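Please look over the structure shown here.

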Amino acid sequence: MISQRQGGTDRYKTGTIRDMRLLLLLLTLFSYNAYGNEINLTDSEGNDITIQVTPADGELLMIWLVDHDEHRPLFERLLSNIAKAGIEVWRIDLLEAYFLPRSSEQIRTLNGNGVAAILRAAHQQSNKRIVLASYDRMPLPLLRGVHQWQSEADQSRLAGAVLFYPNLFGPAPIAGEAPTVDPILYATNTPLMIYQPSLGSHRLRMNEVLSALWQSGSPSYLYLVPEVRDWFIMDDEEHKPSQMDIEATQRIPQQIKQFAALMDHHPKPAAPLPLHTTGTEKQVIRSLVQLDKHPAAPSFNLADIQGNRHDSSVLQGRVGLINFWATWCPPCVEEIPSLNRLQAIFKDREIEIISIDFRETPEEMADFLQRIPVDFPVLMDLDGQTSLNWQVFSFPSSFIIDRQGRIRYSANRAINWDSQEVVDTLNRLLAEEP
């Protein structure tokens, strides 16, 4: 017997003995109770998950997996407008359900059990076509959950999934090494629609992502959102949305209907593909990594905000520190004062500190520099190609170059650049022969 309470009124549904036996069997795998606009269920590992439901009269159910707990007005309006467009919305915060800290790594390594439980509940609770949605790192547990659920499903109403600026790669590599796509991509045969910002950090790596998905038989599509960056559907008190962000977000509800119809047109997969490894190994991030090999530093030829060109010949015979960053990256901004102090420590010595900004405009940078001083050259990587040549995966990423033009150290996180460790490292490199 399932009890559904809506507006204080209980409605009971009873079934035949066979139906009850089937229900009891299902409840051994998961359980749920619906109260008003919430659904409570338990996944196969005993974790309690709460689903917030915004009903709508249309034939589509959109399940949103979120990872933020801050109030994001633009995102809240998006979900409200999706419901107003006739799409029922389910919202789930798995990190809250699992009592996990909010970090990219916690999200990336989720096993997908909760997603599988949510899909079971969706097929039990609703007769609507289903579309999953998530953003950034959450698409990885989303795809793992779909894969797990596919092995149990007899008949599917899952049209596919919509992934906003997804990071579908494995753990962040040492700065300068190429990232690899997560193994789940090679076991995904569900239709996907990827919302990729044209100015997003992984825009130039989408060919690798799509190649892996197409290789596995997933009918995957890429929608390039013009003139926006990652997180364009979000805002907070410090980061207000641009007009392009607002306009792009306003188009999403109607686009979802079109994309759902496109994905639903494809035949449903008969069975899940083999998954040979989970891809949930933990990453190791070190402040400053000494490289075993000493690859030659890639060249660069970029302009500053005044249009003056700077190229890698400035490093000839000198020790270099190349810092890749962006003004929208808080850790990048936080390490600027220590870089300024490092610049002062090595003033008039044979060391060159250069920062390379990722895909922002000179106007944006000029406005930033009026508020936060930077005491070393800032070069503009307008198309992101230089960052890609240096295999920059996360921001900030930094490289220390010796007098022979070889990369000796790298860092894939913000560090205290005027620490004794860094100062000693640079002094050792300065002592080497050119």
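Helix α6 has 12 residues (residues 139–150), which at 1.5 Å a residue should span 16 Å; its end C-alpha atoms are 16 Å apart, so the two values agree. The expected span is 1.5 Å times one less than the number of residues in the helix. Helices (H or I, at least four residues) and strands (E, at least two) are DSSP runs, numbered from the N terminus.

This is a predicted model, in which local features need pLDDT of at least 70 and side-chain atom pairs count only at pLDDT 80 or more, while totals for chains, interfaces and linings use all residues. Residues are numbered from 1 along each chain as its sequence is written, and side-chain values use heavy atoms, with hydrogens and water left out.

Of the 12 residues of α6, 11 are buried. Buried means under 20% relative accessible area, exposed over 50%, and partly exposed in between (1.4 Å probe, protein chains only). Among the buried residues of α6 are Leu140, Leu142, Leu143, Val146 and Trp149. The buried residues of α6 pack against several elements, including α5 (113–125), β8 (129–135) and β9 (158–164). Contact here means heavy atoms within 4.5 Å.

Strand β8 is itself largely enclosed by the rest of the structure, because six of its seven residues are buried. The pairings of β8 are set out below.

## The disulfide

How many disulfides does the structure hold? The structure holds one, and a disulfide is a pair of cysteine sulfur atoms within 2.5 Å. Cys329 and Cys332 form it, with their sulfur atoms 2.4 Å apart. The torsion about their S-S bond is about 80 degrees, so the disulfide is right-handed. Cys329 counts as buried because its relative accessibility is 5%, and Cys332 counts as buried because its relative accessibility is 1%.

## The whole chain

The chain has 14 helices and 19 strands. Buried residues make up 51% of its 434 residues. Among contacts with a separation of 6 or more, 77% join residues 24 or more positions apart.
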